[in-house]
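Please keep the sequence and the structure in view while reading.

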Amino acid sequence: ASQSSVLKKSRRAELDVESELEKLKRQYRPLSEMHNVDFDPKVSGTLGIYMSKSNWLSIFNNLMTNSIKALAGVERQKKRVTVTVEKTSTTLRIEWDDNGSGISEEDLPNIFELLWTNRSNKFNLSLGLGLNIVQEIMEDLKGTIKIKETVDDNKEPGRGRTTFMLEIPLTSLTKD
């Protein structure tokens, strides 16, 4: 990822965040419908940013597939993924929340490790690349990704959830 970051910086394009999230929603509609998942993007204001399209897609596709896998393995009346995006005075803040299986306490230290995966349900066919890729992209953008909150469904049945917080400095999202 770091070798390609120089190329990706030169391939920045202006992205409309709300439009990109709507595209993501359409792209995942078949899987969302199959697993009865409601995807709810919330964007504060009109947000245009400059970012490599491949970085954008890598971040959001990895988060979406992780959420769908976590939701496919649980019984819920309402399964949902909510993504909230806002621009502060210094950062683009993305909160990604699902009410899936959550992450167990013993798995927390490993989730960003390359090739590590939690195969806790039959829907998790992960290779262990996704969150590591997201973390590397965030580092290239001088941003952060962390778990804001998680509840392990195995410990609190019916209450599982995970919330990721991503923050990217606005200085990394400019045209140049």
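Helix α4 is largely enclosed by the rest of the structure, because 14 of its 20 residues are buried. The model discussed here is predicted. Helix α4 covers residues 53–72. From the first C-alpha to the last, α4 reaches 28 Å, close to the 28 Å expected at 1.5 Å a residue.

The secondary structure comprises five helices and seven strands, and their order along the sequence is α-β-α-α-β-β-α-β-β-α-β-β. Among contacts in the chain with a separation of 6 or more, 70% are accounted for by residues 24 or more positions apart.

### Two partners of α4

Two packed helices are described by the angle between their axes and the distance between the axes.

| Pair | Angle between axes | Distance between axes |
|---|---|---|
| α4 and α5 | about 145° | 9 Å |
| α2 and α4 | about 50° | 11 Å |

Helix α2 consists of residues 17–27, and its crossing with α4 is right-handed. On the α2 side, the residues that meet α4 are V17, E20, L21, K23, L24 and Q27; their counterparts in α4 are K53, W56, F60, N61 and M64. By type, the residues of this contact are six nonpolar, two polar and three charged.

Helix α5, which spans residues 130–140, is the other partner. The crossing of α4 and α5 is left-handed. Here α4 contributes N55, S58, I59, N62, L63 and N66, while α5 contributes G130, L131, I133, V134, I137 and M138. How many residues of the contact of α4 with α5 are nonpolar, polar and charged? The division is seven nonpolar, five polar and no charged.

S32 belongs to helix α3, which is made of residues 29–34. The relative accessible area of S32 is 8%. Buried means under 20% relative accessible area, and S32 is therefore buried. Apart from its neighbours within four places in sequence, S32 is in contact with V37 and I68. Of these two residues, I68 falls within the range of α4, residues 53–72.

Terms used: Residues numbered from 1 in each chain as written. Predicted model: local features only at pLDDT ≥ 70, side-chain atom pairs only at ≥ 80, totals over all residues. Heavy atoms only, no water. Axes fitted to C-alpha atoms, helices over the stretch in contact; angles between N-to-C directions. Helix = DSSP H or I, 4+ residues; strand = E, 2+ residues; numbered from the N terminus. Left-handed = near helix turned anticlockwise from the far one by under 90°. Contact = heavy atoms within 4.5 Å. Nonpolar A, V, L, I, M, F, W, Y, C, P; charged D, E, K, R; others polar. Expected span 1.5 Å × (residues − 1). Buried < 20%, exposed > 50% of the residue type's maximum accessible area, 1.4 Å probe, protein only.
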